[in-house]
Amino acid sequence: MIIVAAPSGAGKSSFVERLTKENDRLVDIVTFTTRNIRKGETNGLQYHFINHDEFQKKISDNFFVEWAKVHTNFYGTSYESIENAWKQGKTAIMDIDIQGVLTFKSKYPDAKTIFIVPPSIDELRRRIEKRDGGVPADIEVRMANAEKELREADKFDYQIVNDNFDHSFAQFKKIVEELLG
Ligand code: 5GP
């Protein structure tokens, strides 16, 4: 299992999406969220978008390996999605927040963790605004969380600075391929 984390907007989902397309030994885990669907997203592709009541029900049904409140919404990873990847003999790769990483590490100590560091906090803000087509309502929460997460970067097995997509992606790919052996 390979877990990728980074502050919102640092580019981790593009890394994971692209590498999963290139390497059929990986399965990109689709997690669950209560946040609103963004323009360009499809239910079941970036996330399974569910409402708050459905999310609470899944928590009580012990459906999630881990779940966390991230920014202002809930996010969670199902046991089922990880087990499906394993049944196919593949490696699960997923992008989750740092709280999720810590839970995963306690349940699956062999999981490898990669942290993607944005070039700067200002650049991160610019990327979030560009991606969301304006200033999202929770931008300040996201920025405060980014600063908090950056302080935790040294807890990860690997760190990559995303200053140039192609260059950083090449580094990411090399690390993952080495982990796959
Ligand atoms: P976004 O709303 O920008 O897609 O994602 C917000 C944050 O939630 C990102 O840091 C993303 O990695 C994280 N996230 C996505 N799915 C999960 C999950 O299943 N568990 C946890 N803990 N975090 C998640």
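## What counts as a pocket

On a 1 Å grid over the protein atoms alone, a pocket is an open set of points with protein on both sides within 12 Å along at least five of seven lines, and its lining residues have an atom within 4 Å of a point. This is a predicted model, in which local features need pLDDT of at least 70, side-chain atom pairs count only at pLDDT 80 or more, and totals for chains, interfaces and linings use all residues. Residues are numbered from 1 along each chain as its sequence is written, and side-chain values use heavy atoms, leaving out hydrogens and water.

## The largest pocket

Let's look inside. The largest pocket has 46 lining residues, and Ser13, Arg38, Glu41, Tyr47 and Asp95 are the ones nearest its centre. Helix α1 gives the most to this lining, with seven residues. Helices (H or I, at least four residues) and strands (E, at least two) are DSSP runs, numbered from the N terminus.

## The sheet

Now for the strands, which pair if DSSP finds at least two bridges between them. Five of them make an open sheet in the order β2-β7-β1-β8-β9, with parallel pairing. Strands β2 (26-28) and β9 (158-161) are at the edges with a single partner strand each, so one side of each has no neighbour in the sheet.

Further in, β1 (residues 2-5) pairs with β7 (residues 91-95) over three bridges, in the parallel sense. Which residue in β7 is the bridge partner of Ile2? That partner is Ile93.

Definitions and conventions: On a 1 Å grid over the protein atoms alone, a cavity is a set of points where a 1.4 Å probe fits but cannot get out, and a pocket is an open set with protein on both sides within 12 Å along at least five of seven lines; lining residues have an atom within 4 Å of a point.
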